[in-house]
Amino acid sequence: MRSTALVFGATGFVGRHLISALTAEGTEVVAACRSEESFRYLTDWLARHGCETLPTLLLVDFDSADFGIAATDPLVQGISDVYNCAGAYRFGMTVSEARTANVDGARHIVTFAARLPELRRLVHISGYRVGGQDAADVPWSPERVRRTYKALGAYEASKVESDAVVQAEAQRLGVPWTIVNPSSVSGVGSSGESDQFLGMAASFKELWDGSLAARPGNGRTFVPVVPVDYLVQFMIRLPADPDTVGQSYWVLDDATPPLPNLLSIVGEHYRVRVPRLRIPVAVVEHLPSSLTKSDPETLTFLSSDRYPVRSADEFAARHGLELPETIPSILRWADHLAAYRFGATKEQRSARRFVEQGGLRTFRSGPPDADSVVLPGLPVNADTWAATAEALSATAAVDLPGLGMSDGGPQDWPGWLDELLTDGGIRHLIGHSIGAAAAVEAASRNPGRLDRLTLVAPFFLQAPAGLLARASLLTGFVLRHTNAESLAERLTGDRAHASTLATSVADLRRAGTAGRVGRLLSRAADTRWRAELVRLLLAYDGQVHIIVGSEDALSPSGSQVIATLGARARITHIEGAGHHPQLTHPDALVVAIKSAGDRVRG
């Protein structure tokens, strides 16, 4: 029998993945959304994730007890299953805000479900720290409300109260219910994909950027996670199983390591410094939030409690569900969070990810089967080339070892680049500034592997930088302490490009990166290295395309090199551009690169 599911909280992290899983199972889905705009956000996300059958929109007024939906509305008459993924998941709410969103909202959904003539099940998401409340205590007295919200904070207390309210209202109205109590929800088990950055994700961010001073807790502090795809697969199987009526299930990975150990594992994977110091939870609770950098409401989650997972495990086994391997799935999640800069970088059409390249953890954006790769210049990163690479198609942008978000250092470039060309199917390198040097050296070591080189602002064909850039220690210090506005003005003369450079500034503040950039900028003035790069370029027998800005011209000797290359070389001047045309003139840069590619293919 074909079922129809109504999903509240459809645009949220769990809601979107739930709808995707339901439609894949052949379930008709109705998405309860506040506006057509939020529904378009949902359908765009579903389409990008391969969802072939999109849900139907049900516009709801969340400020109304009946959601503004008439009982006779034909859209809701055939609904068999209601999933409540709605609510406010944030800290710092007032008591009134939390109760309105999480308690009253849940009560109204139960009341709404009771009006559905074909209802089979109401599935409500509660939480692993708040589930299992006693419905007999509803309604709470004013004193209990005051005491509980003071002790737990508005968010957690509202979830405790709503767990009891859902059970009490469902029993009173005869609504068949099942409650799911998930732990912190991590990314998709196979890919790590997640766009939720609260909770554990915030701790991973502190590890990544070096701001975690100590690991909280001890060997018994248990903050479990569960992959979002496992959670939604668990949920969609509940309505068809009659034995799950009136049951609560704790859904989490009981093999999640203790919190300090988990942070060590992730930190080692990130290859960042892991704090040796551990702070007991009792101490953390008495420290000011300015030191802990955590909202006081999150501290109740730092507990040694374990949870009754047996019934959930038995249900999963009965329905053939298996949790993905714990540590690998967590590390994939950690990678995805870092690749998308913990929410600072929005989702793009081109995938962002870390790959193992030449034995180094390497950041890469773009299609995995790209035949062209951008090697960025200094002091910017692959993010500044992402839009250009997307517009070119079949093009990826990478951070060279030791730069941006990639591990290693310049000493690793030869082996890293050789493996990139040998194993990656790359036929075209686009090198910018210092990346142009890396491209030329790679081409010389791998004759016949590349069809062409595109060199954007190749420093070794231009006049050497000023004395300040040659002072590596001073340059490194300045770059480590710069901000996006100052860097934009320095590189382009216009602070309007600051937003594009924000991630480059973040990378320059990572340990050692600014120093490496300073040393490379200093080396760019080395006459012997510049002469060697010219020699290698002249020896290269493929097609060469030089792109420079009109405000960043070739030196006389550089122009002579182009003349010596003859028919193998083409030069494009971008009017008004300086050393970073990917920032100032991206459209013209894309046209220039594409036109040369069309010429080669023609």
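Predicted model: local features only at pLDDT ≥ 70, side-chain atom pairs only at ≥ 80, totals over all residues.
Student: Start me off. How many helices and strands are in the protein chain?
Tutor: The chain has 25 helices and 19 strands.

Student: And what box do the C-alpha atoms fill?
Tutor: Roughly 90 × 55 × 40 Å, taken along the principal axes.

Student: What share of the residues is buried?
Tutor: Buried residues are 54% of the 602 in the chain.

Student: Contacts next. Take pairs at least 6 apart in sequence. What percentage join residues at least 24 apart?
Tutor: That figure is 77%.

Student: Let's zoom in. Strand 13: how many of its residues are buried?
Tutor: Six of six, across residues 360-365.

Student: Which residues point which way?
Tutor: L360, T362 and R364 point one way. R361, F363 and S365 point the other way. Both sets are buried.

Student: Which strands pair with strand 13?
Tutor: Strand 12, residues 352-357, runs antiparallel to it and is joined by six bridges. Strand 15, residues 395-398, also pairs in the antiparallel sense, over two bridges.

Student: Switching to strand 18. How many of its residues are buried?
Tutor: Six of seven, in the stretch 543-549.

Student: Parallel or antiparallel to strand 17?
Tutor: Parallel, over five bridges; strand 17 covers residues 452-456. V456 has I547 in strand 18 as its bridge partner.

Student: And how many bridges join strand 18 to strand 19?
Tutor: Six, and these two strands run parallel; strand 19 spans residues 569-574. There I546 is bridged to I571 of strand 19.

Student: Now some single residues. Where is T221?
Tutor: In the loop between strand 8 (215-216) and strand 9 (225-227).

Student: Why is T221 classed as buried?
Tutor: Because its relative accessible area is 3%, and the cut-off for buried is under 20%.

Student: What does its side chain have 2.9 Å away?
Tutor: The backbone nitrogen of N218 lies at that distance from a polar atom of the T221 side chain.

Student: Okay, R318. Which helix holds it?
Tutor: Helix 12, residues 310-318. R318 is partly exposed, because its relative accessibility is 48%.

Student: Which side chain does R318 make a polar contact with?
Tutor: The D241 side chain, at 2.9 Å.

Student: Last one, Q77. Which helix is that in?
Tutor: Helix 3, residues 74-77. Q77 is partly exposed, at 27% relative accessible area.

Student: What is Q77 in contact with, beyond four places in sequence?
Tutor: A71, T72, P117 and E118.

Student: And how far is the C-alpha of Q77 from that of L119?
Tutor: The separation is 9.1 Å, with the two residues 42 apart along the chain.

Conventions: Residues numbered from 1 in each chain as written. Heavy atoms only, no water. Helix = DSSP H or I, 4+ residues; strand = E, 2+ residues; numbered from the N terminus. Buried < 20%, exposed > 50% of the residue type's maximum accessible area, 1.4 Å probe, protein only. Contact = heavy atoms within 4.5 Å. Pairing = 2+ DSSP bridges. Polar contact = N/O pair within 3.5 Å; in protein donor to acceptor, adjacent residues only side chain to side chain.
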